[in-house]
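Here are a few friendly notes to read beside the model. Please keep the 3D view open as you go.

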Amino acid sequence: MAVYTTEITSAEILSDNPIHQRLLKPYIVAKDYVKGNMLELGCGEGRGVKELMPLVEKYTALDKIGEIVEKLQKENPKGDFRQAVFPPFSGLEDNAFDSIVTFQVIEHITDDELFLKEMARVLKPGGVALLTTPNIKLTLTRNPWHIREYTAQELTDLAKKYFPNVEMKGIAGSEKVMDYHDKNRASVKRITRFDVLNLQYRLPAWMLRIPYDLLNRLNRNNLQKASDSLVSSISHDDYLVSDNADTSLDLFLILRK
């Protein structure tokens, strides 16, 4: 039986559905952008493989978890799945890819500047790279699995160091999604009110990961029990590409070389 931390959101766990659909949305949007030789950085459980692989000539994916890479390779023999800890992107040539996608990854990368520099290196001239990451302005609490989170302006400024064309958008939520988000916010506040010493921001990340996962899983389960019809009814159509990144749940960055 698979064991998921709340950083590995599962399509198979009902209480994860709103987050799963949120993570799926960028892959749906990416269908209008990807082509040719495509690279995915941080493919995870392979949420987007079936969405994007049929649309490109070659699909290459990197992820740090070897077991997942092996499983995806067996399930998708036409793809090229590689276990890798990055950056740098060892073994990938300059100007090799027409399209790059990397969703909810950069917040986990220690050297985010090298990550973007390497993306620019392996992207072909005229190619497009798509990137999502949480919008820190709408984050409910500290996530100890994240090295950092960004405002739209911070990430735009960082990306402009390496890409000549940077377009910042967002992934926003419908009224239904924001109803769930508000219920989640209220629930998180009920939990964090006991943190009178503000330890979530003072303790090192490694000390917070187990309690964060336990409380986050409990919170998602409680939200599902209290609002089952809401949780189960949310689909990727309830997430929308927005021109206002500052008020969106996630930042959606379009990079061209």
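1. Which residues make a nonpolar surface patch of about 290 Å²? Val196, Leu197 and Leu199 make this patch. Patch residues have over 30% relative accessible area and no salt bridge, with like charges joined within 9 Å and nonpolar side chains (Val, Leu, Ile, Met, Phe, Trp, Tyr) within 5 Å. The areas come from the Shrake-Rupley method with a 1.4 Å probe, and for residues only the protein chains shown count as cover. Leu197 lies in the loop between α6 (175-192) and α7 (199-202); helices (H or I, at least four residues) and strands (E, at least two) are DSSP runs, numbered from the N terminus.

2. A word on the model: it is predicted, so local features need pLDDT of at least 70 and side-chain atom pairs count only at pLDDT 80 or more, while totals for chains, interfaces and linings use all residues. Residues are numbered from 1 along each chain as its sequence is written, and side-chain values use heavy atoms, with hydrogens and water left out.

3. Now the sheet. Its 8 strands form an open sheet in the order β3-β2-β1-β4-β5-β8-β6-β7, with mixed pairing (two strands pair if DSSP finds at least two bridges between them). β3 (80-83) and β7 (239-242) are at the edges with a single partner strand each, so one side of each has no neighbour in the sheet. From one strand to the next, the twist averages 20°.

4. Next, two strand pairs. β6 (residues 165-173) and β8 (residues 250-256) run antiparallel and are joined by 7 bridges; Glu167 has Ile254 in β8 as its bridge partner. By contrast, β2 (residues 58-63) pairs with β3 in the parallel sense over 4 bridges, and Thr60 has Asp80 in β3 as its bridge partner.

5. Look at Asn37 in strand β1. Asn37 and Phe97 are 60 residues apart in sequence, yet their C-alpha atoms are 5.1 Å apart in space. Leaving aside neighbours within four places in sequence, Asn37 is in contact (heavy atoms within 4.5 Å) with residues including Lys58, Thr60 and Phe97.

6. Finally, how many salt bridges does a search of the whole structure find? There are 17, each a side-chain nitrogen of Lys or Arg within 4 Å of a carboxyl oxygen of Asp or Glu. One of them joins Arg22 to Asp250, with the closest N and O atoms 2.8 Å apart. This pair links distant parts of the chain, as Arg22 is in helix α1 (residues 17-30) and Asp250 is in strand β8, 228 residues apart.

Technical notes:
Axes fitted to C-alpha atoms, helices over the stretch in contact; angles between N-to-C directions.
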